[in-house]
Amino acid sequence: MATVYLVLLTLHNLTRWLVLIAGVWALLRAFRGVGAAREFTAADRRPVAIFAGTVHLQVVLGLLLFGLLGSQGAGAFSDARPSFQWEHVGLGVVAAVFATLASAISKRAATNQAKFRAAALWTTLALVTVLVMIPWWRPLVRLFS
């Protein structure tokens, strides 16, 4: 069970960087189109969808970790205040909802400007939520340790 935990924790840690990179990429594409008379193309939509997918993967890995820890009777974030583990889980779900809204609304909006604005707004909210919930006091890269 310890090996499964270690693999999940490593994947959760590495996926954090994919989430951040995809989020910045999506924001750059979205803000480039806000205020400009550009068409919202597949190249603009792709980073938003990738960001949503990486956030969802991160949440699934986190929930698996949380469930695995709970089944072992161990608490996550023993080095943090007791409420942080619940804040981390809750904000992870909120970030996934925001990222989903960024993808869904930007896909279905009526005009190109509405698509860019939706992508920019919801991706910003998701990325800020992700940045708030990252335990920055922990190692930035943790590989099987």
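This is a short talk about two helices, α1 and α4, and how they pack.

Okay, so before anything else: what we have here is a predicted model.

Let's start with α1. It runs over residues 2–33. After α1 comes G35, and its phi is positive, near 85°.

Now α4, which covers residues 112–133. Same exercise: 22 residues should give 32 Å, and the end C-alpha atoms sit 32 Å apart, so that agrees as well. If you want to know what's buried along α4, the list is K115, F116, A118, A119, A120, T123, A126, L127, T129, V130 and M133. While you look at that list, keep in mind that an α-helix has 3.6 residues a turn, so residues three or four places apart point the same way.

So how do the two helices meet? For a packed pair, you describe the angle between the axes and the distance between them. Here α1 and α4 pack at about 150°, with 8 Å between their axes. Anything over 145 degrees counts as roughly antiparallel, so α1 is roughly antiparallel to α4. The crossing of α1 past α4 is left-handed.

Who makes the contact? On the α1 side we have V19, L20, G23, V24, A26, L27, R29, A30, F31 and G33. On the α4 side, it's Q113, F116, A119, A120, T123, T124, L127, V130 and L131. Sorted by class, that contact has 13 nonpolar residues, 5 polar ones and 1 charged.

Let me pick out R29, which is in α1. Is R29 buried or exposed? Its relative accessible area is 17%, and the cut-off for buried is under 20%, so R29 counts as buried. Setting aside neighbours within four places in sequence, R29 is in contact with R38, T41, A43, D44, P47 and F116. F116 is also on the α4 side of the helix contact, and F116 is on the buried list too.

Last one: M133, in α4. M133 is buried as well, at 10% relative accessible area. What does M133 touch? Not counting residues up to four places away in sequence, M133 touches F84, H88, L91, G92 and A95.

Key:
Residues numbered from 1 in each chain as written. Predicted model: local features only at pLDDT ≥ 70, side-chain atom pairs only at ≥ 80, totals over all residues. Heavy atoms only, no water. Helix = DSSP H or I, 4+ residues; strand = E, 2+ residues; numbered from the N terminus. Expected span 1.5 Å × (residues − 1). Buried < 20%, exposed > 50% of the residue type's maximum accessible area, 1.4 Å probe, protein only. Contact = heavy atoms within 4.5 Å. Axes fitted to C-alpha atoms, helices over the stretch in contact; angles between N-to-C directions. Parallel < 35°, antiparallel > 145°, perpendicular 65-115°, else oblique. Left-handed = near helix turned anticlockwise from the far one by under 90°. Nonpolar A, V, L, I, M, F, W, Y, C, P; charged D, E, K, R; others polar.
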